[in-house]
Amino acid sequence: MRKINPSAGYDDLDQVTDDGVIKPLSRAEAQALREQNPTLSPWVVLAGQAGAGLMTAVAGWLLTGQANVGWSALYGAAAVVIPGALFARGLMSKVSTINPAAAVTGFFLWEMVKIGLVLAMLFAAPKLVTNLSWPAMLVGLVVTMKVVWLVLWLEAKVRRKSKKLSVVQ
């Protein structure tokens, strides 16, 4: 296994001893590593997706002057956010954290549920949205799916900025 170069600023991650044995992290080291790299809540990502979907729907409505375009885009966003919320809730349940096998099984199970719900919502769209605009719905769907990268980037930027502020203080 390759040893991380200490001069690169990763001294705390260099856990390989001189004889090539990997030293496990102590409780304090693991806690410090978690504090340096906190996890991002799926609810933050879903909130970002919902916000982007809402903005897409409002923009569609205002640009075209047709309410059905806005409702169609909003429904497309909902077809991403609602199944995503169900998926996140399922993965965060206590059953999914019992052991690794339960986590993997839970992941695949909830992913299938999510895909099934997305397909059901898309098939139901013409009946639920009056005068459905398929292009607007697909734009809402795609924008909402792809905004995840923007949310992750913005969250990383906020964390870097807060670290700089805490160092200055």
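The structure is a predicted model. The chain contains five helices and zero strands, and its elements run α-α-α-α-α from the N terminus on. Of its 169 residues, 25% are buried.

**Overall chain**

- The accessible surface of the chain amounts to about 11800 Å², and carbon and sulfur atoms account for 70% of that surface.
- Among contacts in the chain with a separation of 6 or more, 66% are between residues 24 or more positions apart.

**Packing of H2 and H3**

- Two packed helices are described by the angle between their axes and the distance between the axes.
- Helix H2, residues 42–64, packs with H3 at an angle of about 170°, and the axes of the two helices are 7 Å apart.
- H2 is therefore roughly antiparallel to H3, because an angle over 145 degrees counts as roughly antiparallel.
- The residues of the contact of H2 with H3 comprise 17 nonpolar, seven polar and one charged.

**Nonpolar core**

- In soluble globular proteins, nonpolar side chains tend to be buried together.
- The largest nonpolar core of this chain consists of nine residues, namely Tyr 75, Ala 79, Val 80, Met 121, Ala 125, Val 129, Leu 132, Met 137 and Leu 141.
- Helix H3 (67–91), helix H4 (100–128) and helix H5 (134–168) are the elements that give two or more residues to this core.
- H3 supplies the largest share of the core, three residues.
- Leu 141, a member of this core, is in contact with Gly 76, Ala 77, Ala 79, Val 80 and Leu 122, leaving aside its neighbours within four places in sequence.

**The loop between H4 and H5**

- Val 129 belongs to the largest nonpolar core, and its place is in the loop between H4 and H5.
- With a relative accessible area of 8%, Val 129 is buried, because buried means under 20% relative accessible area.
- Not counting residues up to four places away in sequence, Val 129 touches Trp 71, Ser 72 and Tyr 75.
- Val 129 and Leu 74 are separated by 55 residues in sequence, and their C-alpha atoms are 10.0 Å apart in space.
- Asn 131 also lies in the loop between H4 and H5.
- The relative accessible area of Asn 131 is 56%, so Asn 131 is exposed under the cut-off of over 50%.
- Most residues other than glycine have a negative phi.
- Asn 131, although not a glycine, has a positive phi of about 55°.

**Residues of H2**

- Thr 56 is found in helix H2 and is buried, with a relative accessible area of 16%.
- The residues that Thr 56 touches, not counting those up to four places away in sequence, are Ala 73, Val 139, Gly 140 and Val 143.
- Gly 51 is likewise placed in helix H2.
- Gly 51 has 28% relative accessibility and therefore counts as partly exposed, a class that falls between the cut-offs of 20% for buried and 50% for exposed.
- Gly 51 and Val 147 are 96 residues apart in sequence, with a C-alpha to C-alpha distance of 9.6 Å.

Technical notes
Residues numbered from 1 in each chain as written. Predicted model: local features only at pLDDT ≥ 70, side-chain atom pairs only at ≥ 80, totals over all residues. Heavy atoms only, no water. Core = buried A, V, L, I, M, F, W, Y, C linked by side-chain atoms within 4.5 Å. Buried < 20%, exposed > 50% of the residue type's maximum accessible area, 1.4 Å probe, protein only. Helix = DSSP H or I, 4+ residues; strand = E, 2+ residues; numbered from the N terminus. Contact = heavy atoms within 4.5 Å. Areas by Shrake-Rupley, 256 points an atom, 1.4 Å probe, with all protein chains shown as cover. Axes fitted to C-alpha atoms, helices over the stretch in contact; angles between N-to-C directions. Parallel < 35°, antiparallel > 145°, perpendicular 65-115°, else oblique. Nonpolar A, V, L, I, M, F, W, Y, C, P; charged D, E, K, R; others polar.
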